[in-house]
Amino acid sequence: MNCYSIVREKSVKLDFKTKAQTLALLAERLVHGRVLPQICFTVGEWEKLASDMAVIQYFPTWSKEVIVRSSAVNEDSATSSLAGHYRSIKNVGNKKELIDAIATVAKSMRGGDIDDEIFIQPMLRKVRVSGVAFTRNPNNGGHYYVINYDETSGGTDSVESGRSNKLGIRYHFKGAPIKHKGWLGKLLLLLQELEGLFLNDALDVEFAVVEAGIVLLQVRPLIINDKDCVTLRQQSKSLTEIENRFSSLSKPHPYLLGDKSIFGIMPDWNPAEMIGTRPRPLALSLYKELITDNIWAYQRDNYGYRNLRSFPLLISFAGSPYIDVRVSFNSFIPKELDEHLAHRLVNFYIDCLIQDPSLHDKVEFDIIYSCYTFDLPERLTELKRHGFKQKELKEIAHSLRHITNKIIRNDDGLWQADLKKINRLKQRQDTILSSSLPPVERIYWLLEDCKRYGTLPFAGLARAGFIAVQMLHSITRVGIFNTDEYHSFLCSIGTVSTDLFHDLSTLSQKEFLLRYGHLRPGAYDITTPSYEEEPERYFSWPNNHNFEFQHNGSTFHLAKHSLAQINLLLREHKIPHDAVSLLRFIKGAIAGREYAKFIFTRSLSEILRLVKKLGQKYHFDKDDMSYSEIDCFKQLYAASADHQQIISESITAGRRKYALTHSLSLPPLLTETDSIWSYDLPPSRPNFISMTSVTGKVIRLEIHKEGLSGNILMIPNADPGYDWIFAHDIGGFITEYGGANSHMAIRAAEMQIPAVIGAGKILFEKWLRARTLRIDCANQQVSVIS
């Protein structure tokens with residue numbers, strides 16, 4: 001039974017051994033942390049003990065309770081890890097318990113090496129912080145310290161087990177020009193020391209913080225794919241460029257209201273939901289071209305908000321898409337509002353988001369006032385607590401009512417003109433696709449038509465759809481509808497998705513794909529096949545005809561007293577509708593938004609198909625083409641050039657830029673320059689949809705249809721192309737990104753499927769580690785069952 005001989009020369013590079021041996025090697029070497037005492041023996045030695053009494057000599061005297069841990073030969077190596085594979089038994093308090101615990105740990109290593117070890121250490125008490133730290137980002141190999149920690153549970157395994165509801169994640173770039181104090185600063189020093197001792201910058205470290213300092217519980221090599229990882233110097237240069245651009249864009253601007261700006265991945269046109277946080281160059285460039293460069297601002301100007309036509313809404317920070325929040329908030333200010341009042345209002349909005357970052361995907365619901373509703377005068381009273389006067393509140397309400405009435409008018413509302421324009425796009429799509437134009441020209445004209453007749457009116461219908469949802473919320477908040485009536489009304493709205501599932505159960509495969517084949521999960525992602533390209537991934541013919549289509553389109557009935565109350569409110573608030581026409585608008589605007597999205601994504605899908613086809617002509621596959629940018633195809637249309645060379649150069653540049661994009665980690669909300677280098681992920685407030693509940697197995701959604709029935713799907717971000725999942729009798733779903741008014745939120749409400757939209761990274765990853773979850777939307781709770 002051994003005491004390890006420890007090499008004490010600090011200049012000698014340490015090699016990893018077993019868990020226990022590695023800790024023993026470090027016990028007298030560490031300066032910035034300490035290792036707990038241990039007693040260690042092999043499984044073979046344990047099996048040779050003549051009787052249970054022989055273990056008494058190993059019962060330690062330095063703790064009332066101990067932990068019995070595994071230390072297998074194959075548990076941690078430079079090429080593989082069996083972390084969590086073997087048992088550890090905590091809180092062992094007497095000899096009988098110790099014998100049982102050793103036997104349990106030994107049994108968990110059965111079939112292994114006779115030299116596998118068991119070691120005993122004292123239980124830590126009064127733990128202030130515990131966690132797991134990586135000295136490279138385990139997801140992308142980036143040069144970050146990634147620290148998963150828990151400051152509340154008092155235990156040492158809450159991060160790995162996922163049981164704590166107060167987990168934190170800190171990203172700290174290794175070249176960050178900032179220093180930290182407290183336990184975080186001490187831990188960073190320990191991590192740097194360990195990197196130096198092992199001459200290895202990729203480590204997986206378990207730690208605990210007690211009153212006496214940092215305790216090292218385990219260290220092992222971190223296995224990462226280093227193939228595409230850029231250097232620390234390259235990352236540092238890129239982060240410096242982001243800091244400089246952030247600082248420049250945050251300064252006062254003569255054509256913008258507000259003293260400063262912040263940037264987020266979810267406000268407004270929520271790029272994190274639509275294209276992800278690290279989109280390939282083709283997806284990013286298409287999203288900017290079709291929506292966030294110009295189209296978004298044209299629509300808001302047309303609807304009566306401030307003219308921001310020369311300002312791009314989306315800023316690319318090394319390829320990561322961020323919304324310029326100040327520009328966004330400016331675009332929700334009515335044109336007629338007094339300049340001084342508008343400036344104060346934008347500053348108020350920005351300050352609210354800085355104070356509560358969890359609202360970054362709810363700014364239109366919980367921060368800004370962008371339309372008139374029945375409860376707007378009451379909601380505006382919040383401004384009084386921040387120095388706004390009653391006269392100014394009336395001015396804001398008047399300007400928002402003017403805009404809202406212009407948009408939703410019964411006979412000639414702006415939303416109706418946009419709906420007609422979308423139908424023109426259908427005709428023009430058929431004209432272009434049936435033409436003899438070469439692929440480059442068809443790409444160009446599909447793109448131009450999609451902007452003018454697709455995303456521009458869609459942006460208008462999206463605004464109308466938001467107003468419709470806000471109106472419906474206000475009818476509930478003033479007490480006319482109860483919660484059940486609110487959900488019943490939502491369920492009664494028939495959308496294009498309703499039609500899709502009706503047609504799935506009635507049409508032939510050919511007929512169905514002719515109508516819906518352009519849809520794909522990730523509408524801007526060329527690497528994801530459309531329904532038409534690989535239908536067997538998503539559906540099962542002829543079994544789809546056994547799919548039970550249900551829709552509650554005829555279940556909502558408006559009570560006479562409710563009708564009278566709504567009519568009274570409409571007259572009181574000077575809204576040019578009666579109750580029936582208002583509810584017709586709400587249904588029409590919500591359905592119209594989904595219809596417009598369905599139509600314009602056909603143009604988008606055809607563009608991707610033609611880009612793929614053009615790539616094949618020059619021996620580039622769809623993965624290659626995902627690194628090109630849409631500008632290269634516009635260049636091919638507008639000039640004589642070598643097609644293969646232009647495309648090849650675009651792909652090469654895109655690959656180089658994307659390697660950097662993929663390696664960086666940035667926070668979901670950028671509010672100050674320090675957060676570019678070191679940040680904690682902010683807390684999130686998920687959106688619970690419907691009032692239903694479900695318990696089910698956790699499934700990380702890949703693009704296949706097997707094993708979904710009755711289970712809870714985990715989806716990082718979802719757009720209309722994910723409608724196929726509803727054909728498989730899912731129990732519920734959770735998305736990492738998304739808002740309360742997103743497509744998937746509307747679908748869940750329509751079908752009364754329990755859903756959690758926009759869980760955020762911390763909760764999403766915690767729930768993803770579980771085997772079984774329970775979603776209780778009525779109580780807004782997700783519970784880990786196992």
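Reader: What is the mean pLDDT of the chain, and what share of residues reach 70 or more?

Author: pLDDT is the predictor's confidence in each residue, on a scale from 0 to 100. Here the chain has a mean pLDDT of 90, with 91% of its residues at 70 or more. This is a predicted model, in which local features need pLDDT of at least 70 and side-chain atom pairs count only at pLDDT 80 or more, while totals for chains, interfaces and linings use all residues. Residues are numbered from 1 along each chain as its sequence is written, and side-chain values use heavy atoms, with hydrogens and water left out.

Reader: Where does pLDDT stay under 50?

Author: Where pLDDT is low, the predicted coordinates should not be read in detail. In this chain that applies to residues 1-10, where pLDDT stays under 50. For residues 1-10 the model has 21 contacts beyond four places in sequence, a contact being heavy atoms within 4.5 Å.

Reader: Where does helix α16 bend, and by how much?

Author: Helices (H or I, at least four residues) and strands (E, at least two) are DSSP runs, numbered from the N terminus. The bend at a residue is the angle between axes fitted to the seven residues ending there and the seven starting there. Helix α16 covers residues 439-477 and bends by about 45° at cysteine 450. Just after α16, glycine 479 has a positive phi of about 95°.

Reader: How many residues of α16 are buried?

Author: Buried means under 20% relative accessible area, exposed over 50%, and partly exposed in between (1.4 Å probe, protein chains only). Of the 39 residues of α16, 32 are buried, so the helix is largely enclosed by the rest of the structure.

Reader: Is arginine 300 buried or exposed?

Author: Arginine 300 has 4% relative accessibility and therefore counts as buried. This arginine is in helix α9, residues 295-302. Not counting residues up to four places away in sequence, arginine 300 touches Asp268, Trp269, Tyr305, Ser328, Ser331 and Phe332.

Reader: Which residues have the most contacts inside the largest nonpolar core?

Author: In soluble globular proteins, nonpolar side chains tend to be buried together. A nonpolar core is a set of buried Ala, Val, Leu, Ile, Met, Phe, Trp, Tyr and Cys residues joined through side-chain atoms within 4.5 Å. The largest one here has 159 residues, and those with the most contacts inside it are Leu286, Tyr524, Phe585, Ile586, Phe633, Ile647 and Phe733. A second, separate core has 32 residues, including Leu239, Tyr322, Trp677 and Ile762.

Reader: Which strands are joined to β6 by bridges?

Author: Two strands pair if DSSP finds at least two bridges between them. Strand β9 (residues 203-210) runs antiparallel to β6 and is joined to it by six bridges; there, aspartate 204 is the bridge partner of phenylalanine 134. Strand β7 (residues 144-150), also antiparallel to β6, is joined to it by five bridges, with isoleucine 147 opposite alanine 133. Six of the six residues of β6 (residues 129-134) are buried, so this strand is largely enclosed by the rest of the structure.

Reader: Which residues lie on each side of β13?

Author: Ser320, Tyr322 and Asp324 are on one side and Pro321 and Ile323 on the other, and all are buried. Strand β12 (residues 314-317) pairs with β13 in the antiparallel sense over four bridges, with leucine 314 opposite isoleucine 323. Their hairpin has two residues between the strands, and in it alanine 318 takes a positive phi near 55°.
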